[in-house]
Amino acid sequence: MDIKEFFELSGGKWFSHRTSHHLAFKQSEDGKSDIVIESLAKDHPEVIKLCQHNEVDPNLASCGARVTWNGTMEWDEEKHTGSTVLAVVPDEDNPNEGKLLREMGYAEKAPVAGRYKMGSDDTLTLTTEYETMWSEERLWFASPNLRMRVGVLKRFGGFSMATLTTEIRMGGGQPAEAAEATSSVTSDQ
């Protein structure tokens, strides 16, 4: 599977349940969200704008996505809502790796450019360095309608948070080609 197929398989509405463990405070918390992921073509105006903002030639992008979320965290019961646009820019010599541009980062609410790597096991690894922290997240499909994520966030010389997220596709479904690709991925394991 390549990065474009991964994004296409991720399209749709998802229910997300995340458990975060804050290592410094030795406590865990749960969060729940509804997430909508919409695939965007490489020539979509928002993908082009994001590339230009990051001083990347928009012609080098392979695809993009818009991610919208609406959720709550256990500790504050406040609504956490937002949206961001992503753009994928593969390395010229190895399209399984490259830049992942984000209109807004997950750990900090500012534009960010990270790295992606598609593994031979169809696992997507995202690595992002911010000014004061570093994050790594791994995503994979356990089945066509179940996506898993694990992540770590490191601040000031040590890991400060680890997360496990399960995402269940809600209703609808995915295009037939994407379902077939996911089926072949999960049946090979």
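Start by selecting Phe-156: this residue is exposed, with a relative accessible area of 72%. Here exposed means over 50% relative accessible area, buried under 20%, and partly exposed in between, using a 1.4 Å probe and protein chains only. You are looking at a predicted model, in which local features need pLDDT of at least 70 and side-chain atom pairs count only at pLDDT 80 or more, while totals for chains, interfaces and linings use all residues. Residues are numbered from 1 along each chain as its sequence is written, and side-chain values use heavy atoms, with hydrogens and water left out.

Phe-156 sits in the loop between strand 9 and strand 10 (158-169). Strands (E, at least two residues) and helices (H or I, at least four) are DSSP runs, numbered from the N terminus.

Next, colour strand 8 (residues 133-143). Strand 8 pairs with strand 7 (residues 124-129) in the antiparallel sense over six bridges; two strands count as paired if DSSP finds at least two bridges between them. Turn to strand 9 (residues 146-155), which runs antiparallel to strand 8 and is joined to it by 10 bridges. Two residues lie between these strands in their hairpin, and Ser-135 faces Leu-153 across the pair.

Now go to helix 1 (residues 3-10) and show its buried residues: Ile-3, Phe-6, Phe-7, Leu-9 and Ser-10. They share one side of helix 1, because they cover an arc of only 160° around the axis, taken from the directions from the helix axis to the C-beta atoms. At the start of the helix, find the side-chain oxygen of Asp-2 that comes within 3.2 Å of the backbone nitrogen of Lys-4. After helix 1, click on Gly-12, where phi is positive, near 125°.

Finally, show the largest nonpolar core, which has 20 residues; Ile-3, Phe-7, Val-88 and Leu-124 touch the most other members. Such a core is a set of buried Ala, Val, Leu, Ile, Met, Phe, Trp, Tyr and Cys residues joined through side-chain atoms within 4.5 Å. Among the elements supplying at least two residues each are helix 1, strand 7 and strand 8. Another core, of 10 residues, lies apart from it and includes Val-47, Val-85, Val-89 and Leu-101.

Note on methods:
A polar contact is a pair of N or O atoms within 3.5 Å; within protein, one must be able to donate a hydrogen and the other to accept it, and residues adjacent in sequence count only if both atoms are side-chain atoms.
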